[in-house]
Amino acid sequence: MQFHHNGYVSQDPRKFTAAGYGIDRADELPDEMDVLIVGSGPAGMIAAAQLSMFPEVNTRIIERRDGRLELGQADGIQSRSVETFQAFGFATEITEEAYEITEMSFWNPDPQNRDHIVRGARPIDDEHGISEFPHLIVNQARVLDYFARFAQRGPARITPDYGWTFVGLEQSTGEYPVVVTLEDSQGNPRTVRAKYVVGCDGARSRVRKSINRTLDGNQANHAWGVMDVVVDTDFPDWRTKCAIHSKAGSILHIPREGGYLCRIYVDLGVVPEGDNHKVRETPIEKIIAKANEIYAPYFIDVKMVAWHSVYEVGHRLVDAFANDPKSPRVFLTGDACHTHSAKAGQGMNVSMQDGFNIAWKLGHVLSGRAPEELLCTYHSERQPAARNLIAFDREWSTLMATPPEELEDPSILEKYYVEAEEFAAGMMTQYDQNMIVDSAEHQHLAKGFPVGKRFKSYEVLRRCDAFVQHLGHQHFADGRYRIYAFADSALPNQQSALTAWAEAMGPLVEKYTPEHGDPNDWLDIKVIYQQTNHHDYEVLDAPRLFRPFNGELCVPNWENVYNALPAEKDIFNAREISRDGAVVIVRPDQYVGAVLPLNDPAAVEAYFTKNLVPAKSS
C-alpha cells in the first residue's frame, strides 16, 4: 500500500486518518443518518467496511446481539471471496488461519459389499486454474472480525451499535424519508430516520416484511443435520473434503480450520408431510448414529460437539431486492432475499457480494459522485445472480440427496463438481449491460476480460522497482474506478496511440478531481506496456498522466507504470489483449465495466458521463 505522501507515518498505515463522520464519532446512535445497516452478518459487515471509506457519509450499523458473533454457522469461503478479502487487506491473514481445500474425495457404495463405502475419484479443487486464490474453510465469526477491523480503521471509523432490534419502518418525506422503529436491549422503543436502509437481517428478515417483499419458491422437503465435531476415527479422509454416498444416506464432509475440527452434513431423509418442523428437534445422538451408519465400515467417536443444528432444504428468492427497484430507499441482502442449502458453500459468499455491490453504490451517490439512478442497478444485477445460485444449489442438493442406486451414472456427482467449478468458485457472475456495464462491442480487444464479469487478474512487472505483482491485487476497496491502458507496441518514449490517449485524458481527470483532492481520488489510471524488458525504458518516459501528484506534499506517484512479463507470462497473450492496445475500466467492486479502443478516448468520457457526476467546488 502507499503512504507517506501526507507526511511521515510511523504507526500502522492500515489505520487511516479519521475524517468526516469519523472525527469524534458519536457513541450514541443518532436520530438521523445517511445509511442504516440492519444486521452485522457477512453482508452487513462488508457494507460497513466499504462505507467506512466514505467518511462524508453518515453510516451506522445495528445488531440485536450484545456483542460480536462467537460461533458462525457458515464456513465455506470461495476463491472469489478471498479475492474480495484481498481488496479489504486481509486475504493473506485469513488464509494462514483457515483450512485450505486442495482436493475432494468421492465415496460410493462398495460393489463387493454395498453396506460399506469405498473411495472413488479425487479431483483437485481447481482443475481449470480459475483463480490464483484458494478455496478456504474458516469460521464466519472470524470473517466478520476482519471486516469489523477494516471498518473501524477506515476514515469513517464505523463500529456496530449492539443491542438494537429492528421493529419496522415506514417511508415518509424529507431529507431522511425512511422512519425506522427500534428497540434497545431493555425493550425501550426508539425512532430514527435515514436516507437509506440496508436489510442484512437474515432469512426471517423484519426489514423484508416491513417493505412487503416475499420469498417465493419451493418449500423444504428434505432434512439435514449438521455438526462441528472433534472425534476419534479411522476414516482415512478425515482431513479431506468428501462427498459420501452410501446405502444408508449421504454426507458432505468438510474439515475445519485448526487441524482437528470437522463439519459434517448428515442426510436425515425426506421430511413427511405434516411434520411441522419436528425434524428440527432431532437429537444430536441420532445425528451421530446416522453418520456412523453412512461412514461404515469406518467409525467416528465424537469427543466434543462445538455446534449442531438441523435444517430443511428450501430454495426461495425474494420478488425484488429493494422496496422500489425504480426509486429504491430500502435494500435487501443475503439471506433476507435468497435462501438455499448450506452444502454448496455459497450463502455467505453471495451475501458478501450483495453487500459489496450496494455499499460502493451508496457511497458514490451519497458523496455526490454518482446520480441516484446508480442505485437501481443493485436489484437488476444481484437478483439474477441469486437466481443462478438457487438453480445451482437445487441441482447440487438433489444430487447429494439422491440414493446412489437411483443415479444413472455413479460418477455423476464428481463430474458435476468439476464441471461447475467456475460457478462454485464465485467467478461465473456476469452482469448485463446497464449504466455501469458497457456493451460488448469492443470485447475482441481484450477477450480475457469479459465485460460484466469480475476482472481476472494476471501478473505484470511494476517498472519503478521491477516488482512482479498481480495487477488485480491493486484493487483496494477504496471506492475508486480503475482504468487500465494497455499500450500499443510503440516504445514509451515515442509518440503513439497511448501517448495521444493519455493527453486526451487530462480534461477527464480534471473533471472528476474534487476540489483540493488528488487527481486519482476517483480514477486510478495505470499503463501496461508490451515491452517485456523493463530496462528498455524509464518510468519518466511514460506520459505525465501516469505520475499524478498526490497528498499534502504534492509528490508524484511512481507506481502506475507497468510492463508485461516475458514469453508465456505475457499478459497480452494470456488475456488476449490486442497488440493495437485497449482500455479496460474496472468498477470499484472489481467487475469489468467496459473494454474500449485505445484510439477512442472519447469513449472513456462517454462511459463516465453515465455514472459519475463532475466534481463540484464546495
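Predicted model: local features only at pLDDT ≥ 70, side-chain atom pairs only at ≥ 80, totals over all residues.
**Entry 1: H338**

I started with H338 and found this residue in strand β20, which covers residues 338-339. Next I checked burial: H338 has 0% relative accessibility, so I noted H338 as buried. Which side chain does H338 meet in a polar contact? I found D354, with the two side chains joined at 2.8 Å. D354 also turns up in the list of residues that H338 touches, once those up to four places away in sequence are set aside.

**Entry 2: L413**

I then moved to L413, which sits in helix α9 (residues 412-419). Its relative accessibility is 4%, so L413 goes down as buried too. I looked up the separation of L413 and H245: 168 residues in sequence, but 9.5 Å in space from C-alpha to C-alpha. H245 is also one of the contacts of L413 beyond four places in sequence, and I wrote down F106, A243, W396, L399 and M400 alongside.

**Entry 3: α2 and α7**

Last, I turned to a helix pair. How do α2 (residues 79-87) and α7 (residues 347-366) cross? Their axes come within 9 Å, at an angle of roughly 40°. The crossing is left-handed. From α2, the contact uses R80, S81, T84 and F85, and these meet N349, M352, Q353 and F356 of α7. Sorted by class, I have three nonpolar, four polar and one charged residues in this contact.

Conventions: Residues numbered from 1 in each chain as written. Heavy atoms only, no water. Helix = DSSP H or I, 4+ residues; strand = E, 2+ residues; numbered from the N terminus. Buried < 20%, exposed > 50% of the residue type's maximum accessible area, 1.4 Å probe, protein only. Polar contact = N/O pair within 3.5 Å; in protein donor to acceptor, adjacent residues only side chain to side chain. Contact = heavy atoms within 4.5 Å. Axes fitted to C-alpha atoms, helices over the stretch in contact; angles between N-to-C directions. Left-handed = near helix turned anticlockwise from the far one by under 90°. Nonpolar A, V, L, I, M, F, W, Y, C, P; charged D, E, K, R; others polar.
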